[in-house]
Amino acid sequence: MLKIAAEGIAPRLAACCLINSSAQSSCQRVAPQAAKATQKCLSQSHMLHKKLVIKDHYDFDQKVINSDNPVIVNFHAEWCDPCKILTPKMLELLENSNEIDLAIIDVEANLDLVETFEVKAVPAVLAFRNGVVVDKFIGLVDANSIETLIDKLKRKQQHSQ
């Protein structure tokens with residue numbers, strides 16, 4: 001919906017500039033802002049496809065276990081300060097990746113998944129490919145460690161194609 005709204009405003013601004021030549025100088029200042037808003041909106045909508053919010057075990061099976069893409073699963077809690085640092089960093093690092101998804105699981109709301117995957121501390125991150133855990137780490141790690149995990153998943157994805 002945001003994408004449609006953003007795409008709709010740019011042509012209207014351009015038409016405004018063509019119709020009213022006296023307002024052209026103000027439109028020239030507004031049009032780049034509209035373009036930036038459109039680009040930001042499009043990048044946010046792209047990011048929404050990469051971030052999967054898991055609500056229950058069925059959702060997990062559909063979005064993670066049955067996924068064609070590798071999925072990095074982030075078990076987190078709202079009260080967890082390291083989680084508040086790790087999740088945005090992972091989203092940032094995965095922003096330009098079409099081949100890896102990020103699933104966010106709230107441990108408070110998904111106790112059955114916490115038990116199934118024996119999560120003892122948060123943040124806990126598990127990397128899935130073809131429904132199987134292929135790597136994991138617990139706690140706050142540096143960006144290099146996350147990038148290494150992402151690169152490892154990308155390499156294996158390319159070899160299997």
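View 1. At 2% relative accessibility, Phe-128 counts as buried. Buried means under 20% relative accessible area, exposed means over 50%, and partly exposed is in between (1.4 Å probe, protein chains only). Before going on, note that this is a predicted model: local features need pLDDT of at least 70, side-chain atom pairs count only at pLDDT 80 or more, and totals for chains, interfaces and linings use all residues. Residues are numbered from 1 along each chain as its sequence is written, and side-chain values use heavy atoms, with hydrogens and water left out.

**View 2. Now for the aromatic rings.** Rings of Phe, Tyr and Trp (its six-membered ring) pair if their centres lie within 6.5 Å; planes under 30 degrees apart are stacked, over 60 edge-to-face, and the rest tilted. By this rule, the count is four aromatic pairs. Take Phe-60 and Phe-117: their ring centres are 5.2 Å apart and their planes sit at 55°, so this pair is tilted. Phe-60 belongs to helix H3 and Phe-117 to the loop between H5 and E4, so the pair ties together parts that are 57 residues apart in sequence. Helices (H or I, at least four residues) and strands (E, at least two) are DSSP runs, numbered from the N terminus. Ring pairs join Phe-60, Phe-75, Phe-117 and Phe-128 into a cluster.

**View 3. Next, a look into the nonpolar cores.** A nonpolar core is a set of buried Ala, Val, Leu, Ile, Met, Phe, Trp, Tyr and Cys residues joined through side-chain atoms within 4.5 Å. Which members of the largest core touch the most other members? Of its 20 residues, they are Ile-54, Phe-60, Val-64, Val-73 and Phe-75. The elements giving two or more residues to this core include strand E1 (51-54), helix H3 (57-65) and strand E2 (71-76). A second, separate core has 15 residues, among them Ile-72, Met-90, Leu-102 and Ala-127. Back to Val-73: leaving aside residues up to four places away in sequence, its contacts (heavy atoms within 4.5 Å) include Phe-60, Val-64, Ala-103 and Phe-128.

**View 4. Helix H4 gets its own close-up.** H4 (residues 81-94) has 14 residues and reaches 21 Å from its first C-alpha to its last. That is close to the expected 20 Å, where the expected span is 1.5 Å times one less than the number of residues. Its buried residues are Cys-83, Leu-86, Thr-87, Met-90, Leu-91 and Leu-94. They cover an arc of only 130° around the axis, which puts them on the same side of H4; the arc is that of the directions from the helix axis to the C-beta atoms. On the face turned away from this buried side sit the exposed residues Asp-81, Lys-84 and Ile-85.

**View 5. Last stop: His-76.** You'll find His-76 in strand E2. Its relative accessible area is 12%, so His-76 is buried. Not counting residues up to four places away in sequence, His-76 touches Cys-83, Ile-104, Ile-105, Asp-106, Val-107 and Val-122.
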